Amino acid sequence: CQCHIQLLQQLSVGELSCSPMLAKSSFEAFDVNLYTDIKDRALGFSPRDYMRGCYEMLKAYAENFTPQSNSFFFCGGTGLGKTHLALAVLNRLTSRGFSVYYNTAGKIVKQLKNESFSKADSSLEEEINSSDLVIIDDLGAEFASEFGSAALNELISDAILNAKAMIIISNLSVSELESRYGQRLTSRLNGFEVLEFIGEDIRQKLK
């Protein structure tokens with residue numbers, strides 16, 4: 001029922017459930033025409049054609065999702081639609097009755113730190129284990145610390161070992177992630193499908 005779907009969305013995204021960003025982040029609201037149709041000579045295709053392919057792939061992923069579905073690593077510059085499409089997947093999955101865990105890397109580190117000092121009411125591990133899909137946004141944008149890097153490394157590794165379907169989003173490339181978090185994490189991402197978002201910052205075009 002609709003009440004159950006709304007509850008799943010609230011549990012999935014926490015504070016974000018109250019944000020207009022969640023409501024706006026649907027497949028229907030994603031406009032590929034914001035990307036240029038000028039062919040990139042080095043790539044051999046235009047950003048618009050490439051992003052249309054990403055859009056269609058992720059829409060099909062959301063429509064056919066099962067807890068055994070594959071995982072994605074979204075990378076690329078800011079304002080290219082990474083979070084929008086991840087939340088579009090979230091919205092579609094919760095409407096189908098699946099549970100999704102979404103949070104930014106920075107807030108995850110903060111929660112893990114609180115749990116380490118017994119200041120948290122719930123366990124992040126329990127939240128993730130009970131979810132069908134785990135979305136971690138802004139990996140690499142959190143404050144750099146030894147605790148944060150180790151905690152995120154362990155969390156992501158555990159989720160992968162538990163065969164959780166995941167979407168990890170970062171402005172960093174795989175090689176940049178390796179420099180920051182080490183080879184252990186990037187080797188875990190070898191089983192992920194990498195989607196590198198390209199084009200110009202579409203947020204500027206929406207202003």
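Let's start with the lining of the largest pocket: by class, 10 residues are nonpolar, 10 polar and 6 charged. Here Ala, Val, Leu, Ile, Met, Phe, Trp, Tyr, Cys and Pro count as nonpolar, Asp, Glu, Lys and Arg as charged, and the others, Gly among them, as polar.

A word on the source. This is a predicted model, where local features need pLDDT of at least 70, side-chain atom pairs need 80 or more, and totals for chains, interfaces and linings use all residues. Residues are numbered from 1 along each chain as its sequence is written, and side-chain values use heavy atoms, without hydrogens or water.

Back to the pocket. Lining residues have an atom within 4 Å of a pocket point; a pocket is an open set of points on a 1 Å grid over the protein atoms alone, where a 1.4 Å probe fits, with protein on both sides within 12 Å along at least five of seven lines. In total, 26 residues line the largest pocket. Nearest its centre lie Met21, Gly81, Thr83, His84 and Arg203.

Now Glu142. Where is Glu142 found? In the loop between β3 (133-137) and α7 (146-161). Helices (H or I, at least four residues) and strands (E, at least two) are DSSP runs, numbered from the N terminus. Glu142 is buried, at 8% relative accessible area; buried means under 20%, with a 1.4 Å probe and protein chains only. Its side chain makes a polar contact of 2.3 Å with that of Tyr181. That term means N or O atoms within 3.5 Å, one able to donate a hydrogen and the other to accept it; residues adjacent in sequence count only if both atoms are side-chain atoms.

Finally, the whole chain. It has 10 helices and 5 strands. Of its 207 residues, 46% count as buried.

Methods:
Buried < 20%, exposed > 50% of the residue type's maximum accessible area, 1.4 Å probe, protein only.
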